[in-house]
2 protein chains.
Amino acid sequence: MNTPEDSGMQCPRPIAEYPRVLLAHGGGGRLMHELIERIFISAFGAIELSARHDGAVVNLDTGRLAFTTDSYVVHPLFFPGGDIGMLAVNGTVNDLAMCGARPLVLSAAFILEEGLPVETLENIAHSMRRAADGAAVRIVTGDTKVVERGKGHGVFITTSGVGIIEHDLVIAPSSVRPGDTIIQSGDIGRHGIAIIAVREGLAFETTIESDCAPLAEPVMRLLNAGVEVHCLRDLTRGGLASALVEIAETSRLSIALDEQVIPVREDVRGACELFGFDPLYVANEGRFVAFVPSRDTERALAILRGVPVSAEAQVIGTVADGNPGLVTIKSVIGGERLVDMPSGEQLPRIC
Amino acid sequence: MNTPEDSGMQCPRPIAEYPRVLLAHGGGGRLMHELIERIFISAFGAIELSARHDGAVVNLDTGRLAFTTDSYVVHPLFFPGGDIGMLAVNGTVNDLAMCGARPLVLSAAFILEEGLPVETLENIAHSMRRAADGAAVRIVTGDTKVVERGKGHGVFITTSGVGIIEHDLVIAPSSVRPGDTIIQSGDIGRHGIAIIAVREGLAFETTIESDCAPLAEPVMRLLNAGVEVHCLRDLTRGGLASALVEIAETSRLSIALDEQVIPVREDVRGACELFGFDPLYVANEGRFVAFVPSRDTERALAILRGVPVSAEAQVIGTVADGNPGLVTIKSVIGGERLVDMPSGEQLPRIC
């Protein structure tokens, strides 16, 4: 926090009272959502933006396209299990998949800091190519800018993606219905912990690697099998908690989770305790939740478990009517607590 | 230049000898092209990239789309005649138009530096909305990241765009033919001079304003009238010279220009003399060249002159066989000189 009047405040203050951008405005939590609502949705006014989805669905005369963009500013550029290039490809592939689209083409725009070793850039570009091949997409257009030393930070990459929607479902928070089952594709927290561990110079007995991976395949399999997917969301900045609070708020429904069944690896749980993090709020780059009608639950689980990236899929909760926007979790020892959106200060620049 | 061994070099050195990224690698000249060829085209391998066009044309079963991206790092953020937001919208609209596409939707990804005044961001966002309305496109998806103070520079914006191609032409350097006429849409050099003047704190008798403007309308009019457009290129980083050298090299044809008919405003010419610039190399953000068969020249000129942004359109040269990649210009006093691509050191961060 860098405004002196913040010290000692008990509650998060509305953004109108922050005259300057804070790191927390990029953290994927409440402050970021307020910034987006107040500045961008208000200025740009497109209805696609207020759908609060990972990308926009564009209606053409001849069909529907998904269109999405993300800037990647992760620091450090290389981390256990991945690098900024792999992240930039998989992240945008995943945003397309979360729109229920088959990823088709990507763009890649680079903002380079003067003095960056050319070899570093080469390694990142080759990692992007491998990731693109792995996700069956092509990088077809790009841009390169260079900023003075000290006006950037090595490399920032912005990828955008276009995908094709080959079904008639509307996959969005607005399609979530009371009674829907929430399926999580695998264990959470590895990406955020991998980044923070390398930043803090901590080594665990075994290195925790990022979960960074493309998610189009499990999603396409659900859709091709005719599962009536209501909503999909990848669990990036802000983690599982932010994703579910945002969906509960947008759909005006409530969500009940069961902590006991949410998969978290033991080493990740230990690292979270060490750092004082709740795994629910830690970022992932290869995990998603799917909202499906209860009748499709078993079929969806079986399909997801047949794909390596979602082999550990679990039902983690259900959707109910009433208490719009409320997300609760039944703890391991039986109590129930509220899951709120983080303000955004937890882990900046993890993606 | 920041490698000591560069001092005193007569010729530009191949990029393989630069171990680190230089500001000149982002200048739109020879060094940037070498960086793109060596790193990105080599790694990504998509044929669309080697077409060296402003965007990619994507073939769907149901038609053709254009897809493009650009990062904007212009400094200062606000300048006479525009700002980074207006530039980010018009620049991407123009890249779609240069593919012969009708711009449809844009994405906007922001990399904000901690401490940026929120009011500045608000002004930029509203300027983007006005520019989008002016170009009849919608900003439908976006992203926000925040980096630590001193790791960015106020705001960087990456816009991507999707457009629809509603004709059967292949508008690309490879479609240029011997005998084609080169039409320039208006006077050159205003954007680059506007930026450098405000950076250097220089005031002229009248303020030189950027030419930043959307170019989709004149292009759509040419196409709707059935003009057989062979190639289009907006004259951004590297100016008219870089654009024409790149097209001459890619098409393996030669280009002859007539300096006397290239429109340059008197105040811009004066400022160029003051700064030691050749207007041919100065950036524009609302100017383009069109390559058309000679039989369509008069019709194309009449159409362009009917739209305010291209009211001063002029034929500036022709394409010929032989001497692949050669661009020559007949000077005002009658001599002929070679037009080469700049190395890229002239004006960094103008877009």
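Is B:Glu246 buried or exposed, and what is its relative accessible area? Keep that one in mind; the tour comes back to it.

Before clicking, some ground rules: this is a predicted model, where local features need pLDDT of at least 70, side-chain atom pairs count only at pLDDT 80 or more, and totals for chains, interfaces and linings use all residues. Residues are numbered from 1 along each chain as its sequence is written, chains are lettered from A and ligands numbered from 1 in the order written, and side-chain values use heavy atoms, without hydrogens and water.

**Stop one: chain A.** Select A:Glu217 and A:Arg221, a salt bridge with its closest N and O atoms 2.6 Å apart. (That term means a side-chain nitrogen of Lys or Arg within 4 Å of a carboxyl oxygen of Asp or Glu.) Both sit in helix H6 (residues 216–224), 4 residues apart, about one turn. Helices (H or I, at least four residues) and strands (E, at least two) are DSSP runs, numbered from the N terminus. A:Glu217 is partly exposed at 43%, and A:Arg221 is partly exposed at 38%. Buried means under 20% relative accessible area, exposed over 50%, partly exposed in between (1.4 Å probe, protein chains only).

**Stop two: chain B.** Now pick B:Glu246 and B:Arg233, bridged at 3.2 Å. B:Glu246 lies in helix H7 (residues 239–251) and B:Arg233 in strand E9 (residues 231–234), so the pair ties together parts 13 residues apart in sequence. B:Glu246 is buried, at 10%, and B:Arg233 is buried too, at 4%.

**Last stop: a network.** Select A:Asp70, A:Arg237, B:Asp143 and B:Lys145, joined by salt bridges that share partners. Within it, B:Lys145 and B:Asp143 meet at 2.7 Å, N to O, and both are buried.
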